[in-house]
Amino acid sequence: MISLASATPSALLSVQETLKGKTRLGSGCVSTLFNKEKGKPSIKKKSCGRISMTVAVNVSRFEGIVMAPPDPIHGFSEAFRADVDVKKLSLGVGAYRTEELQPYVLDVVKKAENLMLERGENKEYLSMEGLAAFNKVTAELLFGADNPVIEQQRVATVQGLSGTGSLRLAAALIERYFPGAKVLISSPTWGNHMNIFNDARVPWSEYRYYDPKTVGLDFEGMISDIKAAPEGSFVLLHGCAHNPTEKNHIPFFDVAYQGFASGSLDADASSVRLFAERGMELLVAQSYSKNLGLYAERIGAINVVCSSTDAAARVKSQLKRIARPMYSSPPVHGARIVANVVGDPALFNEWKVEMEMMAGRIKNVRQKLFDCLSAKDKSGKDWSFILKQIGMFSFTGLNKTQSDNMTNKWHVYMTKDGRISLAGLSLAKCEYLC
Amino acid sequence: MNPELASPSSSSDRRISVLARHLAGVEMDSKNDSISAFPTSGSDNNSVFSHVVRGPEDPILGVTVAYNKDPSPVKLNLGVGAYRTEEGKPLVLNVVRKAELLLVNDRSRVKEYLPITGLAEFNKLSAKLMFGANCPAIQENRVTTVQCLSGTGSLRVGAEFLAKHYLQRTIYIPQPTWGNHPKIFTLAGLSVKTYRYYDPATRGLNFQGLVEDLSSASSGAIVLLHACAHNPTGVDPTFQQWEQIRKLMRSKGLMPFFDSAYQGFASGNLDADAQPIRMFVADGGELLLAQSYAKNMGLYGERIGALSIVCKTADVAARVESQLKLVIRPMYSNPPIHGASIVAAILKNRDLYNEWTIELKAMADRIISMRQKLFEALRARGTPGDWSHIVKQIGMFTFTGLNSKQVSFMTKEYHIYMTSDGRISMAGLSSKTVPHLADAIHAAVKQVV
């Protein structure tokens, strides 16, 4: 027991330094520092009464907090910025780049913003479920305006903060109304998926998805893991999917790339539409970060397809109740942009053209990378997975050591799991990457 | 994905082509097709959501919903705390329009993801606005500021952080307080207690009750404080009372969590309204602050605010910031850029900043004049009771003291929409509509007990 009765403030701080090494790392273990009893932060007992004020004032209440590790995806953006090598390549964050490797604001977006400014729209609070015009067009874009689920008003659509925010709303809904229900997540998946469900206190487990041997889909592994999961689990699916309706599982789509994968908005929504048309209930999170380049505007939606109009209305009311204590109501700007672009036939067509251009550029990059690697690599390794994989990313099959080597030796920034963002690659740089 | 793969040579090709055909919408043969139509579409019996009940309408936002439904030409919306002009219209500040024009015309602007903590420039400027440009805590890097979704978002992120990392999970909130406060804190994982605040007898502050309750709070507990213009009562402590509150809280190690949604709106002066917070920072202690630009910059729908945590040391502040990121990332990854850019553009430009202070003062002054007019109107009608609290209370709201029966009466007979606790938003009044409200209050007081 440390005698602090005669400690001066500075001595107190040095005691603190010594103790730091012994302080258990973890959240909020300040109690170790002060007192054996948890939750009694200041030493108030016995002879230390006079010191208690000094202790309370001089030592942070957050002293026991450890430095969190940097975000695996966003974290190294800083490292990239700090790197002075001219050959450096950023292939980490999933953000589209032009051939000149510049960020890209779509022309339709600029047009929409100018229109909005000309109209002089106000900045009143949206309702908790977001901009009605946005909710309408986003559901129609996803399901198709003539889909029975839309016509029968069986979709609860609530504007969310891009993909993450929409997933979080859904996770909170699951936690509240399906207590104990599990979410099955593909292995691998976007790293933040786990964090979202953890913070929402929803249990999750992984299903096999990626086969490192083929650098493709482990179909049988996926089916078997989904079949083995508890009855009534939510299965988080990427765009293309096997239907998991055995054991009354509920499909949960994360659609972050509609239009971006193939260049066609309809094609990229076909799985979702198929499931909806068959009368299934499902959840779909949407994001406009990539396909409309609205990354920083945080615009997306959560859609819950229900088997009746009434259920959809009730689910929507509960989603609103989740949003209210989180951020009250969502931001208006991105929602208006989407509503304007998707809701105006001329702008909508222009958007489709720009999207095909973006998706096309990525396809060309895939082709060039494949050509380069096939030419350079004499080992006979099959690089065709680069052509078969869909969308912005490619799982190279590189392991952590190799990925680190890419960064350290070659100044190529990518995530440790071997994932690269092809959107950050130009045809010109393919050779270097090879 | 190219569905027309050449005849598959490997099993993985075969699997991928099965999926590809599926993707292309080709009807799968029955061997592979395990999609079964969901038992009964259209009927609720087999819905997995059949046990989900309809949620009640939010009491505050619900007022606007009801107001919108009312066809009466004399209807008045005094529910939500959103500023209205003398003509009863929403207002976008001129300075905000100017800033937006600058932003939209700036060709170098992109829409790339902000960092998890938001727009750095916005964060720094927000901290300076509240704590003062020469604040030692800022100069010593002891303040971490992260952009959040207006006041609600800042409170939620702060509360989740505290629930995860702070040794005490109890928060004391004033009675009464904004209806959303208890929900935010409960969902974040804190346990909510109350301290006495409003005295219905005086329609002022129950200072004795406040002191007693905070004195008996568990050591180290968190205490929510409205920085100024208390919502819903409009009752604020005096500077002397704030000083006593500060001393009491520091002696018990209570952690202050300020909610500042009305800086500049209360008195019309940004620095004056920041005084209570600055008093707490000046004593070297720690605190949390949720800041909102919804009202004072009229940026309601843009959801722009900031959470600041003042820490003992720069090292602690850095660690705290890293943990805040872990709260934010799984909630929405990173915050929206538009509102932050507008605020930053205004705060960093001397001319725009000055214009803002003038427009802000004009809004605050209009509200103060509405208070005066309503008070005089009630006096002119000889409405029973002491109505001086209308001019004594501060900020956007007046706690009229009317009970829920009287409120219902006013809604039904006079088409006045307000929350059932008797709170009215002065910002929703104009010289033209004051007489109608005064008539309604007069009738309610005389006819309904």
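Helices (H or I, at least four residues) and strands (E, at least two) are DSSP runs, numbered from the N terminus.

## Basis of the model

This is a predicted model, in which local features need pLDDT of at least 70 and side-chain atom pairs count only at pLDDT 80 or more, while totals for chains, interfaces and linings use all residues. Residues are numbered from 1 along each chain as its sequence is written, chains are lettered from A and ligands numbered from 1 in the order in which they are written, and side-chain values use heavy atoms, with hydrogens and water left out.

## Backbone features in loops

Most residues other than glycine have a negative phi, and most peptide bonds are trans. In the loop of chain B between S7 and H9, Ala229(B) has a phi near 55°, a positive value in a residue other than glycine. Ala229(B) is buried, with a relative accessible area of 2%, where buried means under 20% relative accessible area, exposed over 50% and partly exposed in between (1.4 Å probe, protein chains only).

In chain A, Gln153(A) has a positive phi, near 50°, and sits in the loop between helix H7 (148-151) and strand S2 (155-160); Gln153(A) is exposed, with a relative accessible area of 56%. The bond from Ser187(A) to Pro188(A) is cis, with omega near 0°, and Pro188(A) belongs to the loop between strand S3 (183-187) and helix H9 (192-199) of chain A.

## The largest cavity

On a 1 Å grid over the protein atoms alone, a cavity is a set of points where a 1.4 Å probe fits but cannot get out, and lining residues have an atom within 4 Å of a point. Grid points are joined across faces, edges and corners, and a volume is the space filled by probe spheres set on the points.

The structure holds four cavities of 30 Å³ or more, and the largest contains about 370 Å³ of space. Of the 28 residues that line the largest cavity, the closest to its centre are Tyr125(A), Trp178(B), Asn231(B), Tyr262(B) and Lys295(B). H6(B) gives the most to this lining, with four residues.

## The second largest cavity

About 110 Å³ of space lies in the second largest cavity, whose lining includes Glu113(A), His333(A), Arg97(B) and Glu302(B). Helix H5 (107-119) and helix H14 (332-343) of chain A, together with helix H3 (94-105) of chain B, are the elements that give two or more residues to the lining of the second largest cavity.

Technical notes:
On a 1 Å grid over the protein atoms alone, a cavity is a set of points where a 1.4 Å probe fits but cannot get out, and a pocket is an open set with protein on both sides within 12 Å along at least five of seven lines; lining residues have an atom within 4 Å of a point.
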